[in-house]
Amino acid sequence: MARLNGGPSGRKTIEREASVASPVEQFVIKPIIPLHVGGVDISFTNSALWMVAAVIGATMLLTLSVRSRALVPGRWQSVAEILYEFIANMLRDNVGAEGRPYFPFIFTLFMFVLFGNVMGMMPGSFTFTSHVIVTFAMAAVVFVGVTIIGFARHGLHFLRMFFPEGAPLLTAVILVPIEMISYFSRPFSLAVRLFANMTVGHIILKVMGGFVVSLLGLYVVPAILPFAFLTGVTVLEFGIAFLQAYVFTILSCIYLHDAIHMH
Amino acid sequence: MPQFDPAFFAPQLFWLLVTFVTLYALMALVALPKIGAVLDERQRKIDDNLAKATALKAEAEAAVAAYEKALAESRSHAHRVIKEASDRVAQQAEERNREISAHLAAQIKAGESRIAVAKTAALANVRQVADEVAGATVARLIGAAPDRARLDAAIAVALKEQGS
């Protein structure tokens with residue numbers, strides 16, 4: 001398109017195209033400190049850097065804000081309290097009082113994903129929640145943990161999950177495979193939902209951004225349109241960053257509920 | 001896409017484990033107890049204040065009830081006092097009235113008797129004056145003293161005709 005509209009020289013156009021990076025370049029892992037232990041690559045990468053940033057950011061937000069222990073909370077303390085009560089209520093509404101011991105884990109899950117998503121919105125940052133291995137690892141921990149809790153609470157009776165009580169025995173032929181597929185697809189849907197949302201969102205942002213930059217060099221006025229669109233998408237992405245953290249957490253709560261109460 | 005390159009799986013998984021466990025420890029041991037304590041403290045204070053407010057309200061209501069009771073009592077007391085006083089005043093007034101009217105009646109009676117006495121005396125004087133005037137007039141007219149008995153009779157008739 002840039003070539004069609006024609007710059008003053010063909011060379012300049014080619015240079016500009018090269019400067020606009022590929023939309024998937026933002027997902028590339030770049031080692032910062034290469035580390036290998038026993039043949040396993042555990043290099044400290046840009047992904048790890050932003051995980052550490054999320055940990056530091058979340059911890060600072062939640063500890064520094066309540067340092068004054070004010071009776072009437074200030075702005076930051078309110079944020080910390082709202083996050084705390086948001087997850088506490090979510091857990092209570094979805095799991096009940098039995099979910100209380102898992103509150104720190106659910107809260108950590110939410111904060112980690114939320115900070116990964118939101119910090120990833122910063123230009124030049126890295127969104128580790130856009131990596132399927134990261135989201136899948138978290139989803140797998142939730143899935144395995146929930147299954148262990150289910151068996152620990154109900155023993156073999158937990159297998160009833162795959163065949164509801166009261167259903168005619170003959171329906172087992174259909175019901176059991178369906179229930180098993182739905183149960184075992186949980187970690188994948190959980191992982192892919194977050195990964196796909198973050199990846200696609202960031203690709204759209206990058207493509208639109210590249211489009212704005214390409215147009216800006218040629219005509220200023222038409223560039224306003226994609227820029228306005230980009231602005232809207234950015235707002236939407238912030239919403240999605242929060243929403244996906246919420247969805248990831250509430251689904252974990254629902255799975256926990258199933259393990260504790262069985263349907 | 002770099003996401004599907006297995007070469008990046010191991011380092012990400014390792015650092016995910018490290019950071020997630022760190023965040024879990026920080027949340028579970030530091031941040032959440034802190035925020036929880038702040039929230040509990042606030043809830044405790046709110047409950048405390050609410051209880052205090054309830055107690056104060058009950059106290060205020062008791063005070064109002066006591067005040068109203070005292071008010072009603074003093075009002076009835078005042079009524080009683082006013083009634084007693086007005087009764088006493090009415091009684092005294094009646095007594096005084098009776099006394100005064102009795103006194104006045106006595107005075108009137110005395111006055112009447114005095115008037116009666118004065119009247120009798122005056123009437124007697126009138127008789128005497130008439131007697132004398134008639135005697136003198138007759139003597140002047142006929143040049144001789146009239147008969148005493150006839151004069152008396154004529155005067156009596158005249159006085160009777162005058163009606164007094």
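This is a predicted model: local features need pLDDT of at least 70, side-chain atom pairs count only at pLDDT 80 or more; totals for chains, interfaces and linings use all residues.

Visitor: How much area do chain A and chain B bury between them?

Guide: The size of an interface is often given as the accessible area lost when the parts come together. Here chain A and chain B bury about 3600 Å² between them, and 80% of that is on carbon and sulfur atoms. Chain A brings 48 residues to the contact, and chain B brings 33 residues.

Visitor: How many salt bridges does the rule find across the interface of chain A and chain B?

Guide: The rule finds one salt bridge there. The side chains of A:Glu81 and B:Arg42 form a salt bridge, at 2.8 Å from N to O. Eight residue pairs are in polar contact across the interface of chain A and chain B, counting pairs with both residues at pLDDT 80 or more.

Visitor: Which elements give two or more residues to the side of chain A that touches chain B?

Guide: Among them are strand 3 (40–41), strand 4 (44–45), helix 3 and helix 8 (186–216) of chain A. Helix 3 of chain A gives the most to that side, with nine residues.

Visitor: Now the patch. Which residues make the nonpolar surface patch of about 330 Å²?

Guide: The patch is made by A:Ile32, A:Ile33, A:Leu35 and A:Leu49. Of these, A:Leu49 lies in helix 3 (residues 46–64) of chain A.

Notes: Residues are numbered from 1 along each chain as its sequence is written. Chains are lettered from A and ligands numbered from 1 in the order in which they are written. Side-chain values use heavy atoms; hydrogens and water are left out. Patches are made of residues with over 30% relative accessible area and no salt bridge: like charges are joined within 9 Å, nonpolar side chains (Val, Leu, Ile, Met, Phe, Trp, Tyr) within 5 Å. Accessible areas come from the Shrake-Rupley method with a 1.4 Å probe; for residues, only the protein chains shown count as cover. A salt bridge is a side-chain nitrogen of Lys or Arg within 4 Å of a carboxyl oxygen of Asp or Glu. Helices (H or I, at least four residues) and strands (E, at least two) are DSSP runs, numbered from the N terminus. Contact means heavy atoms within 4.5 Å. Buried area is the accessible area (1.4 Å probe) that two parts lose on being put together, summed over both. A polar contact is a pair of N or O atoms within 3.5 Å; within protein, one must be able to donate a hydrogen and the other to accept it, and residues adjacent in sequence count only if both atoms are side-chain atoms.
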